[in-house]
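Work through the exercises below with the structure open. Try each task before you read its solution.

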Amino acid sequence: MKTNKIALFNLIFLMILIVSGCSSNKSALPTASTYPSLTTSVNDYQYLIGPGDSLTIFVWRNPDISGSFIVRPDGKVTTSLVEDVDVSGKTPAMLAREIEEQLSKYINNPRVTVSVNGFNGPLSEQVRVIGEATNPRAINYVEKMTLLDLMISVGGLTEFASGNGAKLVRTVAGVQQTYTLKIEDLIKNGDIKQNVDILPGDIVIIPEAWF
């Protein structure tokens, strides 16, 4: 009788484990999608427009349809003559040529200039620093940015940071690759050999040191 009770208890315990495992699998969220940088060459870097940017669209001899526009979260703007213009991920010159093409349906030989006044850029182009930086945040990529430039922008390391345990996550050919950084050697010991190029879309993760 006692043996039967033990067997029944073990069976119930096993069923609980199976149900718990199934529940945890169902509640697990899929890994975030990977969006590689839209920049094709940092040697000829050109700023790409993104949500939140402030644009000035000037149409020569047509002040009524010129104006300032904020790029919506969906990456589009609406002008006087053209609705829902997709602007995100394009250079100002590319956008100007596309608007000229669309305006040519209404205006003879339109000439358009696009300038950016407030800079955010697409999320895929921003550089993110998380963890034990003094001011961890997302930063707009700047031409020829290096790790040293990036650390200056975030105020360096906190006193609890494991700078030499930092990682850089970079999307290469659609796959995320992880590289080791020695930030402490760079900014505290002056080892300039540890300075590396930063690319659009890079993520720098700085862990806390174990004392």
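The exercises that follow cover pockets, cavities and salt bridges in a predicted model.

**Exercise 1. The largest pocket**

Task: Find the volume of the largest pocket and describe its lining.

Solution: 
- Step 1. The largest pocket holds about 460 Å³ of space.
- Step 2. Its lining has 23 residues, and those closest to the centre are Tyr35, Pro36, Ser124, Thr171 and Gly201.
- Step 3. Strand β8 (residues 166-172) gives the largest share of this lining, three residues.
- Step 4. Sort the lining by class: 11 residues are polar, nine are nonpolar and three are charged.

**Exercise 2. The second largest pocket**

Task: State which residues line the second largest pocket, and sort them by class.

Solution: 
- Step 1. This pocket has about 170 Å³ of space.
- Step 2. Its lining consists of Leu38, Thr39, Thr40, Ser41, Asp44, Tyr45, Gln46, Leu48, Gly89, Thr91 and Met94.
- Step 3. Six of these are polar, four nonpolar and one charged.

**Exercise 3. Two cavities**

Task: How many cavities of 30 Å³ or more does a search of the whole structure find, and what lines them?

Solution: 
- Step 1. The search finds two.
- Step 2. The largest cavity has a volume of about 50 Å³. Residues in its lining include Tyr45, Tyr47, Asn120, Pro122 and Glu125.
- Step 3. By class, that lining has five nonpolar, four polar and one charged residues.
- Step 4. The second largest cavity has a volume of about 40 Å³. Ile57, Val59, Ile65, Thr79, Ile99 and Leu103 line it. Elements β1 (54-59) and α2 (92-103) each give two or more of these residues.
- Step 5. Five residues of this second lining are nonpolar, one is polar and none is charged.

**Exercise 4. Salt bridges**

Solution: 
- Step 1. The structure has five salt bridges.

Technical notes. Residues are numbered from 1 along each chain as its sequence is written. This is a predicted model: local features need pLDDT of at least 70, side-chain atom pairs count only at pLDDT 80 or more; totals for chains, interfaces and linings use all residues. Side-chain values use heavy atoms; hydrogens and water are left out. On a 1 Å grid over the protein atoms alone, a cavity is a set of points where a 1.4 Å probe fits but cannot get out, and a pocket is an open set with protein on both sides within 12 Å along at least five of seven lines; lining residues have an atom within 4 Å of a point. Grid points are joined across faces, edges and corners, and a volume is the space filled by probe spheres set on the points. Helices (H or I, at least four residues) and strands (E, at least two) are DSSP runs, numbered from the N terminus. Ala, Val, Leu, Ile, Met, Phe, Trp, Tyr, Cys and Pro count as nonpolar, Asp, Glu, Lys and Arg as charged, and the others, Gly among them, as polar. A salt bridge is a side-chain nitrogen of Lys or Arg within 4 Å of a carboxyl oxygen of Asp or Glu.
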